[in-house]
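Here's a quick briefing to read alongside the sequence and the model. Have a look at the fold, then run through the points below.

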Amino acid sequence: MTNKFYVTTPIYYPNDVPHIGHAYTTIAADILARWNRICGKKVFFTTGTDEHGKKIQQAAEKNNSSAKKFVDTLAENFKNDWKKLDLTYDSFIRTTSENHKKIVQEILKKVYEKGDIYLGKYQGYYCTSCEAYYTKKDLKNNLCPIHKKEVEWIEEETYFFKLFKYRNKLLNLYKKNIIAPEKRKKEIINRVESELKDLSISRKNLKWGIELPFDKTHVTYVWFDALINYYSAVQEKNKNLFWPPDIQIIGKDILWFHAVYWPAILMSAELELPKKIFAHGWWTNNNEKISKTTGNVIGISDLISIAGVNSARYFLFRETSFGQDGNFSKKILISRHNNELANKLGNLISRTSSLIEKNGITNTENKLAKKLRLRKILENYELCRFDKILYYIFEFIDVCNEYIQNKKIWKTKDKKALYELADSIKIISILLYPFIPGISEKISQHFGFEIKYSNICSSLKIHKINKTKMPILFEKIK
Ligand code: MSP
């Protein structure tokens with residue numbers, strides 16, 4: 001299919017409460033989905049929950065629940081919280097769904113028949129929180145390097161996937177710039193060159209997983225199962241034309257799985273590869289790592305309660321560059337809400353609206369719009385530099401506010417200048433829509449335009465401007 005855009009988020013472990021980290025990845029995908037939709041592309045955006053594996057089985061046992069019942073309840077938490085964040089995903093995939101299980105087994109069968117899976121014995125460490133295998137050298141003070149928790153020694157019969165066989169193909173693939181940002185790409189290349197080996201893809205002493213189609217005494221390793229969600233999500237309802245993903249958004253902690261295991265599985269199954277894998281940074285809370293143990297997890301309702309959903313979305317992508325780590329601060333979120341959204345954007349709109357109400361408006365060419373650096377915005381969409389996109393939009397908002405000030409429009413009652421401002425507000429709202437969709441929609445209703453990219457260049461129809469007062473977009477927070 002031409003003119004399509006397929007974007008994915010990782011699927012989340014449902015035993016965790018949805019928090020700012022999960023929200024960050026999912027809002028980023030939502031921004032790209034909304035942007036591509038208003039640019040006229042056919043978009044498919046998928047997210048979901050990763051429901052098999054030892055971690056979930058243990059959590060269910062702790063709750064005295066069957067694993068299935070446990071995940072059924074918890075997957076709903078994610079769906080409920082995603083509603084609060086205004087996310088427009090097209091599919092929510094759960095790895096316990098029959099369709100997904102069937103596809104995982106089909107791929108396993110194909111890879112097995114090709115000769116890429118063999119029976120062997122695994123000896124090594126396993127961290128259940130990461131659901132990942134480690135060697136002695138990977139550990140820090142004998143603990144998991146990520147979770148700083150004790151790891152388990154495993155010695156068992158397992159099926160291996162011939163990952164090493166794909167070493168050269170993977171290294172060639174990285175030359176095509178599939179991994180972003182650049183710095184992460186280099187890390188992966190170094191690791192693949194120095195430590196790639198075959199991957200254990202089955203567990204014998206675990207029940208909660210997808211049975212191997214060629215040996216029912218083993219269940220599939222949870223990452224092998226989970227990664228395939230991106231493929232099974234588009235096998236439903238004739239969505240297969242969306243394959244392959246145009247971009248897969250993930251956090252930097254899970255890049256190894258996505259940049260190494262995932263393309264190798266696809267190569268073995270002879271399926272097309274994703275075009276881009278983007279690894280974003282991590283959020284800290286007041287400079288501390290976010291963790292349940294520290295008790296500083298920022299849940300979705302906490303995040304929204306500070307200044308509303310639009311300001312939360314804006315803050316997350318304005319505050320830091322998408323590939324870098326960010327530090328969450330309630331104070332800075334409020335200050336951006338007050339100073340940038342309320343003072344700059346809100347004031348531009350309320351002043352322009354009331355001046356039009358008082359003085360009227362006359363059609364003219366929008367010369368003011370020449371000051372907008374649209375090319376830069378488009379380039380930065382390609383790079384997922386959301387902070388820069390917002391920077392250039394706000395640079396133009398400043399230009400518009402200065403225009404009112406310098407031209408003293410409240411005195412001159414310049415109806416043509418008011419048209420330029422109204423038309424510029426239209427452009428600003430369309431560009432901001434992926435970030436603050438609720439606000440852009442209100443503005444579009446008031447000024448009478450449809451939110452689509454092609455409207456950036458077509459003149460605003462003045463007879464559609466709403467004569468009633470513009471609703472307040474941002475209440476200031478003390
Ligand atoms: N289930 C796996 C993914 C399988 S995808 C085939 C998993 N799930 S997770 O729930 O642990 O995490 C999912 C995402 O949340 C990751 O992209 C991770 O980077 C992100 N984050 C979790 N905490 C985070 C922060 N504090 N900051 C930013 N993102 C973080 O891994």
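**A buried helix to start with**

In helix α11, the buried residues are V309, N310, S311, A312, R313, Y314, F315, L316, F317 and R318. That's 10 of the 10 residues of α11 (residues 309–318), so the helix is largely enclosed by the rest of the structure. "Buried" here means under 20% relative accessible area, while exposed is over 50% and partly exposed is in between (1.4 Å probe, protein chains only). Helices (H or I, at least four residues) and strands (E, at least two) are DSSP runs, numbered from the N terminus.

Keep in mind that this is a predicted model: local features need pLDDT of at least 70, side-chain atom pairs count only at pLDDT 80 or more, and totals for chains, interfaces and linings use all residues. Residues are numbered from 1 along each chain as its sequence is written, and side-chain values use heavy atoms, with hydrogens and water left out.

**Strand β1 and its partners**

- Strand β1 (residues 4–12) has 9 of its 9 residues buried, so it is largely enclosed by the rest of the structure.
- β1 and strand β2 (residues 42–49) run parallel, joined by 7 bridges; two strands count as paired if DSSP finds at least two bridges between them.
- To get from β1 to β2, the chain passes through helix α1 (residues 20–38), and this β-α-β crossover is right-handed. Put simply, with the strands pointing away from the viewer, the path from the first strand over the helix to the second runs clockwise.
- K4 has K42 in β2 as its bridge partner.
- β1 also runs parallel to strand β12 (residues 247–251), with 2 bridges joining them, and V7 stands opposite I247 in β12.

**The open antiparallel sheet**

- An open sheet is formed by 4 strands in the order β5-β4-β6-β8, with antiparallel pairing.
- β5 (132–134) and β8 (199–200) sit at the edges with a single partner strand each, so one side of each has no neighbour in the sheet.
- Strand β4 (residues 117–127) pairs with β5 in the antiparallel sense over 3 bridges, and Y125 stands opposite Y134 in β5.

**Cysteines**

- There are 0 disulfides in the structure, a disulfide being a pair of cysteine sulfur atoms within 2.5 Å.
- For C39, the closest cysteine sulfur is in C457, 11 Å from its own and too far for a bond.
- C39 counts as partly exposed because its relative accessibility is 35%.
- C457 has a relative accessible area of 67%, so it is exposed.
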